Amino acid sequence: MLATVAKLIARRLLAAIPILLIVSALLFCVLRLLPVDPAAMSLPPTATIVQIEAKRQEMGLDKPLAQQYLIWLHDALHGDFGRSIVFGREAGSLVASTLPATIELAAAAMIIAAGLGLGGGLLLFSLRDTWFESVADLGSILLLSIPEFLWGLILLFVFGVVLNALPFTGEVSPNLPQPHITGFILIDALLIGRLDVFWSACQHLILPAFALGLAFSPAIMRVLRSSLFDVYHEDYIQQARLRGLSERQILLRHALKNAALPTLTLAGVQFGILFSGTLLVELIYSYPGMGNLMIDAVRNADLPLIQAIGLTYCIVVLSINTIVDSLYLVLNPKLRVR
Amino acid sequence: MIGSVGNSLRSPRVLIALGMVGAVAFCAIFCGVLAPHDPADQNLLSILTPPAWASGSDPQYLLGTDSLGRDVLSRLLYGARTAMIVALIASLGAMVIGSILAHIAGYFGGIVDWLIGRLVDVWMSFPPVILSLILMVGLGIGLDRVILAIVLVDWTRFCRVLRSEVLVVTRNDYVAAARLLGFTHWQTIVREVLPATLPLLITLLSLEMAIAVVVEAILSFVGLGVGPDQAAWGQMIADARQNVYQSPWNLLLPIFAIFFTVAAFNLLGDGLRRTLDARLAETGH
């Protein structure tokens, strides 16, 4: 089985290479449509036209677009994504310093979305053929209509502004030390042995993680419910009933296991979308992750940084898809035979 | 097809959804008549006026004013126009591109199908929010750019789902019969395949409108949307965030407007899916 998984991952990696090449080329072309001159932007406003022209040549902006892309690609393969125009730092290191916070947020949100999705899906399913079914169904559609950025604002308003119960800016309280060892604040807080920092980080994580989790759980609920419906048509459910198992045992021990597989596939797709949804939630909660970096880069037309971040999002999404597919393979015994 | 449309119109869910969409559309069309003020008119003498039901309100401004003294009600109504224009044109555009490519891929198969499939793969490896932000940086702000960005991002939603439907329909005997009768490929697709995929297409269109409303709000919220001279719900939210303690209603009203519109389109899509009996996979968003 390990061999099958390894094969799948190898195949996925091979398929990812052309996709990443095309994506990076597309990114490059789209960003060059901009009417901004990176040379002029990286010089002080007092620079003369001659100086700007010299800078253009130094940056290779006078060369044809294809050649510029090849130069960028060559540098990127050597780990050099260029220098951010606004921050004056390596784009690659900027991304690396903000990515862990975003991964932490996305992971926490996914756990919440999976928990709510599982609970909600079972609830929706157990309400079938009752008067509540259409009400619950309607409710799930209304839930589906609240995107993550609206949840972010609503939760911020209710729990932050009105109830004043939870913090809603940043990742830890400003008066506490902000450790930077791995970049994952929860892990770092434990590494330096400061439980107060850990607790503060947890509190700061609650609202943004719930905003994302709530936005993505209805889709999981609805798919789990419809896969449970499909599974209940199978003979073995009837068989289990004849064996005298309770409905509860049938649902949790037999049906859920098989209905979980299609749900897992969807959850994987959702996780990819959720990961990019962190951008808006980070913006709303001033969370120091890659999303806020992207917003800064986009607002300032910081081309090297946009390019590096855009590519990072792609890589993360492709990796998530690969991980989910491998999980599917591991969990589904039918696919194990070769 | 006509029978199933009649079916849809008898479903309470579809009727309620149509009513909700109609209400937003009414605001969008007649906002020029309905709005008591010009949405861009600033009255710096009465900024952050609370709505009529709160104390200290001004009867001139039914839903209060924002931080620049602009009438919130008028801005909400004009925001509906922006949202509906984007929803309608962007989703139609995405539908046209997506369904043309889906029909070509599903009908002809082979290398064309493979190429279009890989194109969708490349597109889908980009998270939609990120792709639309990057496109907006490249295209610049404005209503037409927002529409273009949504079309360029979301055509894959139609292409992916429709392609498999076309594949199923094309295998039917009546499609082969049409070819034997001497129909050209074009005639076969338009007269035989398209009518069979139309229910799914309509359902997807309704769901895409909900997505377009959200994306427009997100882009305006980030400040890369329709531009400052046009009222948009996302922009109202971004403005209201600064004064959330003084005037919470400025934040809550546009949030509700977005929710109402998105829910209307989602309900409509769900109702149509049930009544038109389209084999739409449950993909959530």
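The structure is a predicted model, in which local features need pLDDT of at least 70 and side-chain atom pairs count only at pLDDT 80 or more, whereas totals for chains, interfaces and linings use all residues. Residues are numbered from 1 along each chain as its sequence is written, while chains are lettered from A and ligands numbered from 1 in the order in which they are written.

Chain B has an average pLDDT of 84, and 94% of its residues score at least 70. Within chain B, confidence is lowest in helix α1 (residues 2–10), with a mean of 66, and highest in helix α3 (residues 72–108), at 91; helices (H or I, at least four residues) and strands (E, at least two) are DSSP runs, numbered from the N terminus. For the model, ipTM is 0.83 and pTM is 0.86.

Between the chains, 37 residues of chain B are in contact with 44 residues of chain A. On the side of chain B that touches chain A, two or more residues each come from α4 (110–124), α5 (128–139), α8 (185–222) and α10 (249–276) of chain B, and the largest share, nine residues, belongs to α10(B). By class, this side of chain B has 27 nonpolar, seven polar and three charged residues, where Ala, Val, Leu, Ile, Met, Phe, Trp, Tyr, Cys and Pro count as nonpolar, Asp, Glu, Lys and Arg as charged, and the others, Gly among them, as polar.

Chain A is divided into domain 1 (2–77) and domain 2 (91–337), with bounds that come from an automatic or database domain assignment, and the C-alpha centres of the two domains lie 32 Å apart. Their contact takes 16 residues from domain 1 and 14 residues from domain 2 of chain A. Helix α1 (residues 2–32) of chain A gives the most to the domain 1 side, with 13 residues, and by class that side has 13 nonpolar, two polar and one charged residues.

In helix α9 (residues 195–231) of chain A is found L224(A), which touches G117(A), L118(A), G121(A), A259(A) and T263(A), not counting residues up to four places away in sequence. The C-alpha atoms of L224(A) and T263(A) are separated by 5.6 Å, although these residues are 39 residues apart along the chain. L224(A) is classed as buried because 27 other C-beta atoms lie within 10 Å, the cut-offs being 20 or more such atoms within 10 Å for buried, 12 or fewer for exposed, and partly exposed in between.

Key
Contact = placed C-beta atoms within 7 Å. pLDDT = per-residue confidence, 0-100.
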